[in-house]
Amino acid sequence: MRNSSLISITPLLPAILVALCLMGAVVARLGGLGHGGAVVRACLRAAAQLLAVSAVITWVIASSPAVAGFILLMYGVAVFTAGRRITSGRSGLWAAVPIAAGTAPVLAVLLAGGVISTAGIVLIPVSGILLGGCLTATALAGRRAVDELTQRRGEVEAALALGFMPRDAALEICRPAAAQALLPALDQTRTVGLVTLPGAFVGMVLGGASPIQAGIVQLVVLVALLAAEAVAVLVTVDLAARGRFVR
């Protein structure tokens, strides 16, 4: 069955998805990247999770408590995933702070300004975009910060010997590397329309919106995402400098 959407649903689609998944896994395995099995597991999880969401989303968006519960579920998964990337210990739960600090104020500004509505069909995807961006930024910044502080412990101690406070000494070492977690969001925002046409834009155009309307929506998404990730990275670096993420 073919349709006017971005992806044509054909009988070959399942086989193509399996082939692409295996290609990614084989390349990762043979190339020594160490994530061959993770590629397969990620693809299987994505398929199962999207199937489950597709089955319940109609019911969820019709109920305000269900919308709130679904957003909290997304938040919990984001915290767990980011925390696990930063450290294997329970201190990874500190990832809850930067993810909330990045997502909540940006979402509040969008709601207060009337830019987005409180309807579940709008609130869930926008929250998911912000949470996903903050998850990635927190995981990258936290991992880089902890790695720098571990590997360059001698430099931290040298800064302490020079009279730096513990937090300031740690920031001098970990902040430059951790700040690179913002680069993906920066590059995406800088190159939008020139290198990529993101999903929000393409989806709205395919849904019948004018290119101008789609462009405005995509701009709001990108700017909001960049603001949320900047806050998340800042808070993550501060937590790492305070020794909250312990390995």
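This note goes through charged residues of a predicted model.

1. Basis. In this predicted model, local features need pLDDT of at least 70 and side-chain atom pairs count only at pLDDT 80 or more, while totals for chains, interfaces and linings use all residues. Residues are numbered from 1 along each chain as its sequence is written, and side-chain values use heavy atoms, with hydrogens and water left out.

2. Salt bridges. The structure has seven salt bridges (a side-chain nitrogen of Lys or Arg within 4 Å of a carboxyl oxygen of Asp or Glu).

3. Asp238. The side chain of Asp238 forms a salt bridge with Arg167 at 2.6 Å, N to O. This pair links distant parts of the chain, 71 residues apart: Asp238 lies in helix H10 (residues 211-241) and Arg167 in helix H7 (residues 166-178). Helices are DSSP runs (H or I, at least four residues), numbered from the N terminus. Asp238 also forms a salt bridge with Arg242, their closest N and O atoms being 2.7 Å apart. Salt bridges with shared partners join Arg167, Asp168, Asp238 and Arg242 into one network.

4. Asp238 counts as buried because its relative accessibility is 19%; buried means under 20% relative accessible area, exposed over 50%, and partly exposed in between (1.4 Å probe, protein chains only). Arg167, at 32%, is partly exposed, and so is Arg242, at 44%.

5. Helix H8. Asp187 and Arg190 meet in a salt bridge of 3.5 Å, N to O. Both are in helix H8 (residues 183-191), and because they are three residues apart, about one helical turn separates them. Arg190 is exposed at 56%, whereas Asp187 is partly exposed at 39%.

Conventions
Helix = DSSP H or I, 4+ residues; strand = E, 2+ residues; numbered from the N terminus.
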